[in-house]
Amino acid sequence: MDDPPAKRLRSLSPIPTEPSHSANPSLHLTGPCPAVTSSPSQKGPSPAPEENYSENSSLININDSRSTISNTEDYMDFIDALIPTEPSSAKIGPMPSPVPPPMEIDDDQDDVEETNSDPDAHPFEQHYTNNNDALPEDPARKIAASATLEAIQKFRRETMIQTQIPTEKTKGTNGCPNKFLNATNQPQPDGVLYVLQETSGNGTYMVPLHKEVVANDRPDLFMLQMTQKSKDRLNEGPPCMKNFYPGDLVYVFSLQRRPDAVPYMLKKDFKALGDPKEHKFWNVNEFCLVERTMKKNQLLLIQDSEAHLRSAECVAAGVNQMVRAPFALIKQAGISKRNGTLAWATIFQPPFDAGKLLRGIIPGKSKHFVTRATDCQPVVGPSPPVVTQLQSVSASDQEKIRSCPRIFQVMNPRDPVALDVLVTTARFGLSAALALENKDRDHRTYATTIDKARDTRKGQLIDFSISKPSGLPSLSSWCRNVSFTMELQNGTRIGMEVDNATEDGGAILVSARPSHSSRNQVPLSQALLNQNIVVSQPVENNLHQLRAMPMGADFQRIDQSSKAMALIYALAGGGRIDPVETPTETIQLGDLILSEEQSRYVSLLVNKELPAVLANSPFGVGKTLMIVAGARIAAIRSDKEQALQALTGVTNASVVAMVQAYLNQDKENSGRAVRLISEPNRARQIDSLHTSLDASVLWPTEFLKFLHKTDAGLAPNEEVSKPQLVEAVMYHLRAHGLLREVTLHNKMLKKMASSKLSRDQVPDLFTVFFRLYRPKIIFATSATLIEQFRNGDWSIYVNWVETLQIDEASQTPWYSLLSLAALFPKAKIGLIGDHHQLSPHSHVDMPSLCKEVAIGNLLQRAAERNLVPAVDVTVVYRCTKEVTQLISSLAYGGKLVPKRGKEPRHRLLDALLLSSSFPIQVLDLKSNSLPSGTSQVNKEEAELTAGLVRAIIDSEKDHERKSTIGVLCFYKGQSGLVGALLEDEDVFVNTIDASQGQEFDVTIVLTSYSGPFSNSPFLGDANRFVVATTRAKHLCLVVANQGKAATAGVWRRFFDLLPKEAINTVEVNSF
């Protein structure tokens, strides 16, 4: 850095809003900083300082030479801020085709109510009720929730009167730019809420927050113009359009006719409703601004400079949505608009998108009717966060940021600022990942009808179609496994997941299943048929992941010589961890004897002098068995009474596999293990992801066991030795309705069971469970482990964790490891996985810098650079000898050793009439794929697969043991299509990414794409290929166009190693 060491990169100091406050050049710019338009937190018109909701960041921007721009003139003609990125979405502009008037609604349906015929009443009045729920505390949400149909109808009536009152033509004056606008944070009963959409010249256009303002009879109120002649109740003088941003929420109190408007110019139809040129009648008379939320001094990266006409699409720290930066602002700041450019930014976050319904709407039929009745209104695109101020990042800061996560290659590990940089960049990258998660969500609400409802082997499936007059929904927003909410006619809201979706003319046909937690809420299929429903996709509330991330200060408090910090230093470029001489002993637990390689890993895990250990564990080597045995040995050999051994993974599937391996080894649970999973989260999981060690299942089991054991050990009249513990156990069993079925013999216990203790007389459930059970081994996903030990019940035991083993570490993102290391600094960390398999998941549009600083591939880095003492586990148990040898030659340098020997020809090869005996068979299919959003679907391949699966099932109908079958798809769209064809079969159908860590007797791998594989880095990814071809224990069938597949390197090498007779030319109906 260019400044003295004491002033380097301490924190991301807020960009000054008043230049005179910037006294320290190491914290602020020395030059003047132009104003940032802001609205202070206040009640009423008196000014107050703006409330800044930004989180403390960990970098400082301190180059005196950088430029700073904060000029709201950059928002002139900022039309594209409101235009959805999907071409099919409606824009504030000419409609693609005339929109039918509200009379298109079929009023003959029994469930559709007539609109109100009273001219003084709102047409939807009978569909609303007073909502007496408590108002939210957040000011903007409180204001929106306070809006009522009565206030809206009063506004509508007053504007009808105003249509007859002409406005005198006067000359307007320009308002003054103002960095502090007075704004309200309290509901205004006489106002109606509008959202600013476009600032152009001397006017700003706005649309209503609530659809009820326009309803289906007042198209003239859809778009208003605020001008220099509008009156701001809270700020003196004429408004200056430069002081407002797209997405601003304002109260409109009254309207006036434009001076040249005459009654016939009043908009009376819904055609081209989103075109400002169609709205020539109304100007805003009185208004006031609603308090803004600003995030100051956030690290920002330009992600796509070609996504919009006048702005770049960006990602920014602390924001879980894509951010817009106007090109004019970028230019004036002297910053390149090239993708990948970094900057510091102040960001305005609009509180709401336009087009909401009032919260007083009656759920069910009424909501369905109003949703359909207001379909005549065009869809307004979401109001994205917008940049209000930019400044460049110095060359020295850029070097540090771009060096992450290997920050210690350019900074001294002893410099505490280095850790700040490391954590801040990881938080920045995580913000980008969260924003991209929300990018593909569909923000519209659809009223539709259930066309088909049926029961299948996998549960209920419900079919419906969605469309809007303004354009076709995006298919990529309705791909398989996307979650959404379905509201039934009676108002019941049900969580749903897409099973598959296809385009059909002007609609998307969706087949969906209830989420596991909602399965008991869904009526019988027959009752659902033809029922009117409302479906919507809520924005993912994923900011909790950012809140779980450590700050730089968290790492400053950690003992820098701790075990976890030694691992972080090694992975972040601070040098390797030196190995410690450790004798290898053969590990035996009862009948279980580990192999030499597995025993070596466990020996290193329990060596207290070694801070971390790595196990390179390819497919099928028994890694799950190994790490569970490691936790058991660590628990047995611990010299501390207060000790916990933790096992974690990215997915619930990986955690369940560890629990099952543990129960296979320790059927009596003598190691006192527990799986941490909240009851709501457990309810969302399918039955196969439930275990007997789940905390919500385990505590009742242990409480009842304790009570029965206590009763059995006492004579009828004997006194209880631990009455307080027994009373607490009884209290919690009674509170959950579990005590009434218990039969007791001891008189004192019977008396205690009938007593009624109050809640404040007994410890909480967790305290009682921990005291009674004394757990030694913990299973949990990384997210749950962080949540429970950071802020949950387990937080007081954070220093008890001695070992922390991370399964499938190749899929563990860097930000997750940072969180675990900060939380468990004393823990010995074991990284177990295979960097030749899938790396951590990231969105296809994730900027490379964000991916590197937040996601990375920590296992690959550690393994390839020998940063951590490691064990290579090479003996493969799962796959056949031939498959192990082929994949070993292809991806592992021939290092893998097959445990299985030569085996006889598999019976399914005869059933499928395949002549070769090789356990991998290629089915060479010439077919045609079609794009499905960002995915691919291939109908011919799907039909072939359905026939293939049924041929396998039919061939085994007389066999006692049936083969487990996994259909593994490269593309999510194809998994939905195949899943629909096989909905009645007991077959796993999912993506290859979802199959890592699982195994099947037989797998069918679907490539789907009919173009050259060299055109698809996704198909040509060697790690994904390894996962796809190593899930089968006996037979793997790969469906691909050989000629097109061979254009990609990994596929070409695969065909070179595969026996030629194992390649079979097939047709769609071959099976």
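Two strands count as paired if DSSP finds at least two bridges between them. In this predicted model, six strands form an open sheet with parallel pairing. The structure also holds 43 salt bridges. Several of these pairs are set out below, after the sheet.

**The six-stranded sheet**
- The strand order is β34-β33-β35-β36-β30-β37.
- β34 (988-991) and β37 (1063-1065) are the edge strands. Each has a single partner strand, so one side of each lacks a neighbour in the sheet.
- On average, neighbouring strands are turned by 20° against each other, direction ignored.
- β33 (residues 965-969) pairs with β34 in the parallel sense, over four bridges.
- Cys-969 has Thr-991 in β34 as its bridge partner.
- Helix α25 (residues 939-955) packs on this sheet. The helix touches β30 (920-924), β33, β35 (1000-1006) and β36 (1032-1040).
- The direction of α25 makes about 165° with that of β35.

- Glu-313 and Lys-439 meet through their side chains in a salt bridge, at 3.4 Å from N to O. Glu-313 lies in strand β9 (residues 311-316) and Lys-439 in helix α6 (residues 416-439), 126 residues apart.
- Glu-313 counts as buried because its relative accessibility is 6%, under the 20% cut-off. Lys-439 is partly exposed, with a relative accessible area of 28%.
- Lys-367 and Glu-487 form another salt bridge, with their closest N and O atoms 3.4 Å apart. This pair links helix α4 (residues 365-373), which holds Lys-367, to strand β15 (residues 483-487), which holds Glu-487.
- Asp-499 and Arg-513 are joined by a salt bridge of 2.8 Å, N to O. Asp-499 sits in strand β16 (residues 493-504) and Arg-513 in strand β17 (residues 507-514), 14 residues apart. Both residues are buried.

**A salt-bridge network**
- Salt bridges link Arg-878, Arg-961, Glu-999, Asp-1001 and Lys-1033 in a network.
- Side chains of opposite charge can pair when their charged atoms come close.

**Lys-400**
- Lys-400 lies in helix α5 (residues 395-403).
- Lys-400 counts as buried, because its relative accessibility is 7%.

Conventions
Residues numbered from 1 in each chain as written. Predicted model: local features only at pLDDT ≥ 70, side-chain atom pairs only at ≥ 80, totals over all residues. Heavy atoms only, no water. Salt bridge = Lys/Arg side-chain N within 4 Å of Asp/Glu carboxyl O. Helix = DSSP H or I, 4+ residues; strand = E, 2+ residues; numbered from the N terminus. Buried < 20%, exposed > 50% of the residue type's maximum accessible area, 1.4 Å probe, protein only. Axes fitted to C-alpha atoms, helices over the stretch in contact; angles between N-to-C directions. Contact = heavy atoms within 4.5 Å.
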